[in-house]
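Here are a few notes to read with the structure open beside you.

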Amino acid sequence: MDTDRRHEARHARLPHIHFPHIHFTRKELEDRPLAGEPHPDHPLHWKLYACEAIATAVLMIIGVTTNTLLSAPSWSVGAWLGRRPLLQTALCGLCFGGAGTLAAMTRFGKVSGAHLSPSVSLAFSLGGQLKPLDLTGYCCAQIVGAVAGCACVAASAVLIPGWGNFVHAGHYAATLPNPTLDPGWVAATETVVTFGLILAIYYAAAKPRLHFIAPWIGAIYFFAMNPIFAWISGDSTNFARSFGPALFDRNWTSLWIYLAGPLLGSALGVGAIKSHIFGRLRAVEARVVNFGHHGRVPRLGAPEAAPQPAADHLQSS
């Protein structure tokens, strides 16, 4: 009897405290700008933009340098290839596309996803993986990076006089329309080629088994397309890639072609994808490389270490 009273007294002094259940959703805890779900407190992602600018600069440095060497008629390789124009243009496409692969494989490309082109960023945005504000940041970063990359090549041309002759003769690997064709047809060519590129990138991005080949899409695609289309428009598909050389070559007359054509091609490509003409294709996140971050911004020090997906609901009680 006394034991029962002591037990009741202890419970009277120490009442039960019930803690409310607290639920956190993944969206509330995470910033996922490359999945189209940026945190409302983080509308701008400067690390992504900076990494995209540096990766685009790498693209331009390698691309302009290799294309200049392949096209320079005053040295043996360029002269030999000049007698084989189809091979020359195919190799130029392979090297510029391969420059994109190398840029994508840098730590900077792995962080940003290595779009390297306003056309690619627009496609991801229209597909719902990139919000308009981040799309603007990416496009500005790509243009800045392209100018910076060409500036590095221009600086090397000043420091190395013989090399400078090659660079100026090659017009910084500028994309130039065929002067014998109507500009409208040239712009239409850029639209068609960009349409195909976006389909290829999206297909690789939407199929997990093809993720390993996604960084190589540009090299493969331009190797095949350059012999067919380069004589018409230069086969750009990328306004930033055309803007940088145009700035340093001081040739602005047809730059609108490389803005209107690729952006229209990108929009048409996404429209075709959404119509399911080519099957159900949907990229999980706005990345050409390093899939698996679930739209997050990875650490620059270890961008290849994809974090594990968080639980949809964390419960504390």
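This is a predicted model: local features need pLDDT of at least 70, side-chain atom pairs count only at pLDDT 80 or more; totals for chains, interfaces and linings use all residues.

1. Is Phe 248 buried or exposed, or something in between? With a relative accessibility of 27%, Phe 248 is classed as partly exposed, because the buried class stops under 20% and the exposed class begins over 50%.

2. Tyr 172 sits in the loop between helix 9 (161–169) and helix 10 (183–206). Have a look at the backbone there too: phi of Tyr 172 is near 55 degrees, a positive value in a residue that is not glycine.

3. Leu 116 is another non-glycine residue with positive phi, near 65 degrees. You will find Leu 116 in the loop that runs between helix 6 (107–112) and helix 7 (118–126). Its relative accessibility is 7%, so Leu 116 counts as buried.

4. Now for the rings. How many aromatic pairs are there? The count comes to eight. One of them joins Phe 124 and Tyr 202, a tilted pair with 5.8 Å from centre to centre and 35 degrees between the planes. Because Phe 124 belongs to helix 7 and Tyr 202 to helix 10, this pair ties together parts that lie 78 residues apart in sequence. Both Phe 124 and Tyr 202 are buried.

5. Back to Tyr 172 and Phe 248: they too form a tilted aromatic pair, at 5.7 Å centre to centre and 40 degrees between the planes. Phe 248 is in helix 12 (residues 239–249), 76 residues from Tyr 172, and the pair links these distant parts of the chain.

Conventions. Residues are numbered from 1 along each chain as its sequence is written. Side-chain values use heavy atoms; hydrogens and water are left out. Helices (H or I, at least four residues) and strands (E, at least two) are DSSP runs, numbered from the N terminus. Buried means under 20% relative accessible area, exposed over 50%, partly exposed in between (1.4 Å probe, protein chains only). Rings of Phe, Tyr and Trp (its six-membered ring) pair if their centres lie within 6.5 Å; planes under 30 degrees apart count as stacked, over 60 as edge-to-face and the rest as tilted.
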